[in-house]
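This report goes through one structure part by part, beginning with a single residue and ending with the ligand. Keep the sequence and the 3D view open while reading.

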Amino acid sequence: MRSMKDVPREDILTHGHGACPGCGYAVTAKNIAKMLGPNTVVYVPASCLVVFGALYPYSAWKTPYLFTAFENTGAVTTGIKAALRRRHIDATVVGMAGDGGTFDIGLQALSGAAERNEDIIYVCLDNEAYMNTGIQRSSATPFGAWTTTTPAGLEVKGNRRFKKDIARIVADHDVPYVATLSVAHFTDFVRKVQKAKEMRGFRFLHCLTPCIPGWRIEPSKGVSINRLAVETGMWTLYEVENGVPRVTYKPKVMAPVTEYLKLQGRFKHMGEADVRTLQAWLCEKWRANYGEEAPSPPCVLPPKEEVLAHDGDTLYGI
Ligand SMILES: Cc1ncc(C[n+]2csc(CCOP(=O)(O)OP(=O)(O)O)c2C)c(N)n1
Ligand SMILES: [Mg+2]
């Protein structure tokens, strides 16, 4: 499989699921499942995908599908693979977890499975907050974003911390494959899923998946927002194969972050100073990812003490 036309037509996550129109999760999970094919066992922890993909006694999955608890994707997928091995069944085992279930509550099980190099594919569907329980902040939430636990008030305006770099943390476990994906860059998307499918050992696919109600966006804008995330540096497309990192798509110019922010209600309260802080953080990230200075604008990050001054108390504006 090299491009969109090579992707199998048969759906594995079929119609009849209950995702919001325009849901980034649905289009990402659906395309990954198609490419992995019918010889796959799917595990999903508590998340939007559990709610819209299979509400007992119905299921939109054509493959065997399991759900247990929120925090254990790494552990349950390990167990499923071990059970299949015991019965000499060769099937792909994939866990599809949210950012909360990966960055935060599932981190211990994820780290264990990665460190043991379990033969599974771990997909993180990152909508940058705990969405199905009512848009609470996670450690994937970007700087400045409104969530119900990081409200925009008089003193504090949205989330005060920068997004955790989970793909780098997983790559530091020395696993065979880590990649970041965006459905707006579909050829790159297809190539990475295909590569993950063909490899053995622990594979981690980190996907940016816009959330219509949580990001306060138009249902038709998800893919454009994915594209802008890459053009502004909010999302970097890269892979780490057997320890060797490689950027797989570099934007020609760095678009100002305001292009990304202005389409999303979750950022609309952001003042000039916060936009400058986020832009400066992106400029540093740009340099780290692409090995060159970001072209413009001025990139001066606030002193570390100022960022770290936002401890648990000020974080929530309490
Ligand atoms: C131990 C535990 N704590 C809390 C919950 C409640 N809960 C279920 S799903 C969820 C949020 C999931 O967030 P994320 O993993 O980002 O997935 P999303 O909802 O965004 O798809 C929470 C808090 C739970 N099921 N189990
Ligand atoms: Mg989430």
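## Alanine 152

The model discussed here is a predicted one.

Apart from neighbours within four places in sequence, alanine 152 is in contact with Trp146, Lys157, Gly158 and His269. Glycine 222 is 70 residues away from alanine 152 along the chain, and 23 Å separate the C-alpha atoms of the two.

## The chain as a whole

The protein chain contains 13 helices and eight strands. Its C-alpha atoms fill a box of roughly 60 × 40 × 35 Å along the principal axes. For 318 residues, a compact globule would have a radius of gyration near 20 Å, so the 19 Å of this chain agrees with that expectation.

Of the 318 residues, 48% count as buried. Taking contacts between residues at least 6 apart in sequence, 68% join residues at least 24 apart.

## The sheet

In what order do the eight strands of the open sheet lie? The order is S2-S1-S3-S4-S6-S5-S7-S8, and the pairing is mixed. At the edges are strand S2 (65-66) and strand S8 (244-249), each of which pairs on one side only. Helix H7 (residues 186-198) packs on the sheet, where it touches strand S3 (92-98), S4, strand S5 (177-181), S6, strand S7 (237-241) and S8. The direction of H7 makes about 155 degrees with that of S5.

Strands of a sheet pair through backbone hydrogen bonds, in either a parallel or an antiparallel way. Both kinds can be found here. Strand S4 (residues 121-126) and strand S6 (residues 203-208) run parallel and are joined by six bridges; valine 123 has leucine 205 in S6 as its bridge partner. S7 and S8, by contrast, pair in the antiparallel sense over five bridges, with glutamate 239 opposite arginine 246 in S8.

## Backbone exceptions

Most residues other than glycine have a negative phi, and most peptide bonds are trans. Some places in this chain depart from that pattern.

Which peptide bond is cis, with omega near 10 degrees? The bond runs from tyrosine 56 to proline 57, and proline 57 is found in the loop between helix H2 (48-53) and S2.

Arginine 216 has a positive phi, near 55 degrees, and lies in the loop between helix H8 (212-215) and helix H9 (222-232). Arginine 216 counts as partly exposed because it has 16 C-beta neighbours inside 10 Å. Asparagine 242 also has a positive phi, near 45 degrees; this residue sits in the hairpin of S7 and S8, which has two residues between the strands. Asparagine 242 is exposed, because 10 other C-beta atoms lie within 10 Å and the limit for exposed is 12 or fewer.

## Around the ligand

How many residues are around ligand 1? There are 15, and Ser47, Cys48, Gly98, Gly100 and Met131 come nearest. By type, the shell divides into five nonpolar, eight polar and two charged residues.

Notes: Residues are numbered from 1 along each chain as its sequence is written. Chains are lettered from A and ligands numbered from 1 in the order in which they are written. This is a predicted model: local features need pLDDT of at least 70, side-chain atom pairs count only at pLDDT 80 or more; totals for chains, interfaces and linings use all residues. A residue is near a molecule or strand if its C-beta atom, placed from the backbone, lies within 6 Å of it. Ala, Val, Leu, Ile, Met, Phe, Trp, Tyr, Cys and Pro count as nonpolar, Asp, Glu, Lys and Arg as charged, and the others, Gly among them, as polar. Helices (H or I, at least four residues) and strands (E, at least two) are DSSP runs, numbered from the N terminus. The radius of gyration is taken over C-alpha atoms; the globule rule is 2.2 Å times the number of residues to the power 0.38. A residue is buried if 20 or more other C-beta atoms lie within 10 Å of its own, exposed if 12 or fewer, and partly exposed in between; C-beta atoms are placed from the backbone. Two residues are in contact if their C-beta atoms, placed from the backbone, lie within 7 Å. Two strands pair if DSSP finds at least two bridges between them. Axes are lines fitted to C-alpha atoms, for helices over the stretch in contact, and angles run from 0 to 180 degrees between N-to-C directions.
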